[in-house]
Amino acid sequence: MAIPPSFGLSDIVHLNVGGTRFSTSKQTLTWVPDSFFTALLSNRIASHRDEIGALFIDRDPKLFSIILNYLRTKDIDLKNVDLRTLRHEAEYYGIIPLVKRLMLCEDLTQSSCGDVLFYGYLPPPSIPLQEPTTVASNVGDVSVHGRIPTNNTNSRVDVPSTSQNPIPGTSSNHNNGQQSHKGVLNSHMRNSSLDYRIQQKGLPHSRTSSLDLRHVRNNSADLNKLYKNDISLVFGPQQVSSWVDPLRVQIIKAHHNWIVIAYAHFITCYRLKDSSGWQHAFTSPHIESVIERVAITSKLSTSGDVKMVAISYGNQVRLWSISANGMKTNIGTFNLNVRVEYLFFIGSQLVALSPTDKIGVWHAMTHHWQIQDVVPILSFDTAGSFLLLGCNNGSIYYIDMEKFPLRMKDNDLLVTELYRDPNYDPITAISVYLTPKTSQAVCGNWIEIAYGTKSGSVRVIVQHPETVGHGPQLFQTFTVHQSSVTKVTLSEKYLVSVCSEYNHVRSWAVTRFRGMISTQPGSTPEASFKIVSLEAIESCISYNAGNDFGPFGEQDDEQVFVQKVVPETDQLFVRLASNGKRVCVIKSVDGSIISSFYVHECEGSSRMGSRPRRFIFTGHSNGTIQMWDLTTALEPSFSSTQNVSGGPTPEELWKLLDQCDLSNSHSSTPCISPCPSLISTGPSIKTSNVLFLNQSQNSDATPGPSQT
């Protein structure tokens, strides 16, 4: 058979792809311009040949056969083909028309309007102006009821050093850190001309349709890593190690129908109205330091319809009040003298805790700010007006905040020892359950407490009416954990504990009789699973506060864990706290990274038939807030559609780990066949997490069910 003059032997190309040989024409391989094949056949990139002279390409031959068939016919059979994997190969070969079509196919299942659980969206705020530095760093300014504070540039309060007994409950003399001066009233002004972010007016909230050749999700809003890399080339890595993206959501907290969002240097508050939805209520001035903790309370019986929001950075605590008519007042800045680890409200009292040995309390009625030395605190929980502290000496102490500051002894908070562990083991986790009779009575002595210890023990102590006057009695002990217990929750139906060994969870079903925990038949084991959450080596100091995995929910309702597998991800796995079964998967509607999250139940409106609803609030790297309907997800009709139980499947985990560097050092993981996405390396994972992944790989061959 004669060969046509227009088609010579030199036009036939022999390829060896992963050991499988293919033969095609040069015209077939090069009709797409600027591809891998045009560069290979024009000798613009290095090539290797096998023993018979065929060009060797170290790629998957099965996927290559699909791509070659597309180059021949411009058609493709997508049955039994993973679109993501095929798109990855098409990106490697630079077949742009195929990449575009595969991206559109992937977008068929994704929408900027989200799925049925997507409830709402809040756009990123404008970055506020930096306020004049007229107040010293340790100033505590206080505003009096109904007054407008006057400006005092020389105002200063020094909290006197005290020589206190570090053991709670003992008397010691020291002066209150009480302020007698006025603070500065700062009005909130938004100035769009000084908005440092790119304005998005007129731009639709949707996924970009432009070609993205990176083998990652759409992540254009997260420029944190790129900024750090570029700046470090000029100033060195030490100069940018403390830089934080100003619009990246750090922490989300909520109370009733109010939420507060903490960014690196300012906070914003929103409130939910019956007819108009979420409305902006407050934006703080620019804070020079990076915000580490935030707290909010929306109902204060002593101050009328006034909301309060507080932040902490380092050892400083700053407090604002927001009135019903929208007036914002800077109440003051207070100093704990040590870094604040926990910040929260109990009624009208603001409480700041340090794991070292200090507690600070501010009272809304008296405007007292008081600091007291205590035993180093490892855990805490609240029950009504009581604050319970688990300490490293094996004791549980309590403070009745309702009596503060009336119940003070020698100008100290009245800290009382409630119980001491039989082995003097440090109390690393604590949970208080108030039985129905306790919550209805005034006496408040019908109490059940579960706590975990550093050695891994989980104990339950009870104080029922027959034990009044003798203190709580030890009820049950579980010694299933081999590592320190980090979380424990006692609810109406379950006892759930988590240890530090890769968040290993154990749960027990609790039997009750007339509301009280019962020994017949007693607590029975329910489930054992893990909430794997890998941590970055260089995470922000507020990361743990903004990414706490739970459990979330009221003690008389179904509680859930929210699992964030890798630090930089657009997915969250919601799982039942009782058995670890999957409730749903939350996926960012715009592909942006989920930088923080929080679960909260908002009150129902005043309209007839309205009921409270639980939401998952997700904060993102581009400054937005997305809301998800957890109440719908927990309904039996929805949960029956979930075919996967537990955490991420091996396939889902593989996709998530694709965004991380799993090396034990800060260097990038080498890649023989580089993908464009690996030019920008994801966050490095802690060495301990890498060890866990290695253990998981070694245990893949062993039989038996497991949940991650």
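Contact here means heavy atoms within 4.5 Å. With that definition, residues 24 or more positions apart account for 57% of the contacts in the protein chain that have a separation of 6 or more.

Some housekeeping. This is a predicted model, where local features need pLDDT of at least 70 and side-chain atom pairs count only at pLDDT 80 or more, while totals for chains, interfaces and linings use all residues. Residues are numbered from 1 along each chain as its sequence is written, and side-chain values use heavy atoms, with hydrogens and water left out.

Now the overall picture. The protein chain has 13 helices and 39 strands; these are DSSP runs numbered from the N terminus, with helices being H or I of at least four residues and strands being E of at least two. Of its 708 residues, 50% are buried. Buried means under 20% relative accessible area, exposed means over 50%, and partly exposed is in between, using a 1.4 Å probe and protein chains only. The accessible surface of the chain is about 33,600 Å², and carbon and sulfur atoms hold 52% of that. Those areas come from the Shrake-Rupley method with a 1.4 Å probe.

Next, helix packing. Take H4, residues 83-93, and H5, residues 96-107: their axes are 9 Å apart and the angle is about 160°. That makes H4 roughly antiparallel to H5. Axes are lines fitted to C-alpha atoms, for helices over the stretch in contact, and angles run from 0 to 180 degrees between N-to-C directions. Under 35 degrees counts as roughly parallel, over 145 as roughly antiparallel, 65 to 115 as roughly perpendicular, and the rest as oblique.

On the H4 side, the residues meeting H5 include Leu-83, Leu-86 and Ala-90. On the H5 side they include Leu-98, Val-99 and Leu-102. By class, this contact has 8 nonpolar, no polar and 4 charged residues. Nonpolar covers Ala, Val, Leu, Ile, Met, Phe, Trp, Tyr, Cys and Pro; charged covers Asp, Glu, Lys and Arg; the others, Gly among them, are polar.

H4 also packs with H3, residues 61-73, at about 70° with the axes 10 Å apart. H3 is therefore roughly perpendicular to H4. Leu-63, Phe-64, Ile-66 and Ile-67 of H3 meet Thr-85, Leu-86, Glu-89, Ala-90 and Tyr-93 of H4. The class count there is 7 nonpolar, 1 polar and 1 charged.

Last, one residue. Tyr-121 is in strand S5, residues 118-122, and is partly exposed, with a relative accessible area of 26%. How far apart are Tyr-121 and Thr-624 in sequence and in space? They are 503 residues apart in sequence and 7.2 Å apart in space, C-alpha to C-alpha.
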